[in-house]
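Here is a short briefing to read alongside the structure.

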Amino acid sequence: MIVLVCSDNIASIFSAVYEAWAGKYNRDALELKIDGAYEYEFFKEYIKVETDESRAQKVVNTIKKQFGKEFLSIISLVLWSYEEDKADAVYKTIKYGIETKKYGNFLSDFRIECIQRINKLYRNIYNEIHHYYGFVRFSELDKERLFAQIRPKNYCLEALSEHFADRLPSENWIIYDVGRNIAAVHKMRAQWFIVRDVIVDNELINNKLSDREDEYRKLWRLFFDTISIEDRKNKKLQRNNFPLRFREFIIEDTK
Amino acid sequence: MFLEQKKSVYDKLKILTDAAKYDVACTSSGIEKKGDGTNIGNSIKAGICHSFSSDGRCISLLKILLTNYCVFNCSYCINRVSNDVDRVLFTPDEICTITMEFYRRNYIEGLFLSSGIFKTPDITMELLYQTLYKLRNEYNFNGYIHVKAIPGADPVLIEKTGFLADRMSVNLELPTAESLKKLAPNKTRNTILKPMRQIQLRRDANKEELVLYKRAPKFVPAGQSTQMIIGASNESDYELLAVTESLYKKFALKRVFYSAFVNVNNDTTLPMTQSGPPLLREHRLYQADWLMRFYEFKAEEILDKNHKNFNVFLDPKCDWAIRNIEMFPVEINTADYHNLLRVPGIGVKSAKRIVAARRFGSLTFENLKKIGVVLKRAVYFITCSGQLYGSVKIDSEYILRQLLGDADVRRLNEPQVNYRQLSLFDGGIYNDSSSLLR
Ligand code: SF4
């Protein structure tokens, strides 16, 4: 069994898919793994794949041509999943599509295991992004800058930035993925961009909160506490709808 | 009159949130609106929940009243004129500022503005209009707005306001004209249905305008909704469903909401709710409402003159399926979409997935699980390639026992079982979200 080892990014994973197709290996006895995210197994041969943008692009073109844009956008989202087997599921799905001569999006074929997996990974990241649309909380710093922190399981930052760039075009904002040390920076009426290896000092942030920030936090907490109907109190339902892991950076008191 | 002006925004927000919380609709759904690249705000068709309060309900919109001053005297309402409560009035600028500041911090998806009747319906509607006008044109807010149309207000004001809102609603309050007369003496069926009809017709006309001229201003683009109070008056579930159905059909409403009655005034002429509001009943109504909106059910199929009230033990879809057991089993690999929808355990999404997936080959029970079918319920009503699941029998007695257990089946046959005796359910998980009915 050959294991192609790639890095955790789209270009590298698609480079590995290209490599798998180059004819050097038996495609049926091949796995894709993300570097650093697997346990070494004695009887397998591990081969590190070099990232090659132009090869990755060729894979993208082939996928788009044969399986369509919708397929490509689902696969691309899946590659932002935090699950370790995503690269292999994508490889197996593309392999299945090519070998069985599919044209157009075939991800609705729920009979096939790797496709079930793709759908599951897709739903998971899609739902997390949608949750964060609502659960992101911006704090206002001096000079009207907005700052938010998130800790998603999947890599949601770019999808979220897309959303907030559309929603808050005239604001300066930063969304910081605490677990990955990556931030998206949006300047008023400009394109947002990603900055890596960011470390945020929470004390510094707290010292920079704007003068009115506290007032609006208070108003929001007041609203939150008042809107609930005492006779209908149902913490279990609240917990189901609003999992604890999304509450780390919220302002309201949900205890 | 000027005394209340001394109240801080904090105090006003407290009073006017508290007075608005019994209004149930907090959804921001129904419209996909991209940002315009300059101004703040956009909308997503499915709506977005920003938080969940300790009653478990979604918080999407800043749900407040413009004022809790009210000249009417609805017996179920905390703001009725005969109550001695603190009264305040927001200025339009106060509402705009809170909305904007909450929105840019991503606390909310928009504004849901309602109001007591301040002096007259016209004065109230005018104030609502001014608030929305400012929010859209001075504060340049492009997010979601849901506003109440005030019964009895000048149609011109309602029309002007409708061009600034995404959604409008007039509360039906109570299901029948008779109950309305008893509990809301200042309102009539007519003053409620009139603006409802006006909004419907104006929306129809607007759709044509938009065909002719794409950039014509939009009138209530996310549609109209309404709500009824459940359990303050004596209607049966069947009557409630029939009213709901005709609202969807005759007034083209997007949503009908139900609000389990809470006797906030401890009014002795109304049912007491010490053992909690009728949440199970409200829950069943939402389930039935989903069946009518997404599962092609008619009210008559769910309840009828001989079954006037919901089965407390079974959800309405299971209940229907067991009463119509001769229509089952449904064959997964050949049944059309409409018949798949009728199977308990199969939701809209999974029915669509089944239809899409079986083009590639026959599906097995194992496949159905992955598709998202709730097999626990579905197995009693389906076959896969002609096979029943394990030793399952298609027999209503047998299925009832499997789904409920012997004890509940026995209770099912006691004629006097009703909602009140089932307070054991009240700690359960009820809401009106889509995940609830599959
Ligand atoms: S009109 Fe009736 S329901 Fe509305 S605020 Fe006044 S008393 Fe309450």
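A residue counts as buried here when its relative accessible area is under 20%. By that rule, Gln224(B), Thr226(B), Met228(B) and Ile230(B), which point one way from S7(B), are all buried, and so are Ser225(B), Gln227(B) and Ile229(B), which point the other way. Please keep in mind that this is a predicted model.

**Chain B as a whole**

- Chain B contains 16 helices and ten strands.
- Along the principal axes, the C-alpha atoms of chain B occupy a box of roughly 75 × 55 × 35 Å.
- Among contacts in chain B with a separation of 6 or more, 67% join residues 24 or more positions apart.

- Of the 438 residues in chain B, 59% are buried.
- The accessible surface of chain B is about 18,400 Å², and carbon and sulfur atoms contribute 52% of that area.

- S7(B) spans residues 224–230, and seven of its seven residues are buried.
- In a regular strand, side chains alternate between the two faces of the sheet.
- In S7(B), one set of side chains is Gln224(B), Thr226(B), Met228(B) and Ile230(B), while Ser225(B), Gln227(B) and Ile229(B) point the other way.
- Strand S6 (residues 167–169) of chain B pairs with S7(B) in the parallel sense, over two bridges.
- In that pairing you can find Ser169(B) opposite Ser225(B) of S7(B).
- Strand S8 (residues 255–260) of chain B also pairs with S7(B) in the parallel sense, over six bridges.
- Here Thr226(B) stands opposite Val256(B) in S8(B).

- S3(B) pairs with strand S4 (residues 110–114) of chain B in the parallel sense, over five bridges.
- To locate this pairing in the viewer, look for Leu65(B), which stands opposite Ser114(B) in S4(B).

Note on methods:
Residues numbered from 1 in each chain as written. Chains lettered and ligands numbered in written order. Predicted model: local features only at pLDDT ≥ 70, side-chain atom pairs only at ≥ 80, totals over all residues. Heavy atoms only, no water. Helix = DSSP H or I, 4+ residues; strand = E, 2+ residues; numbered from the N terminus. Buried < 20%, exposed > 50% of the residue type's maximum accessible area, 1.4 Å probe, protein only. Contact = heavy atoms within 4.5 Å. Areas by Shrake-Rupley, 256 points an atom, 1.4 Å probe, with all protein chains shown as cover. Pairing = 2+ DSSP bridges.
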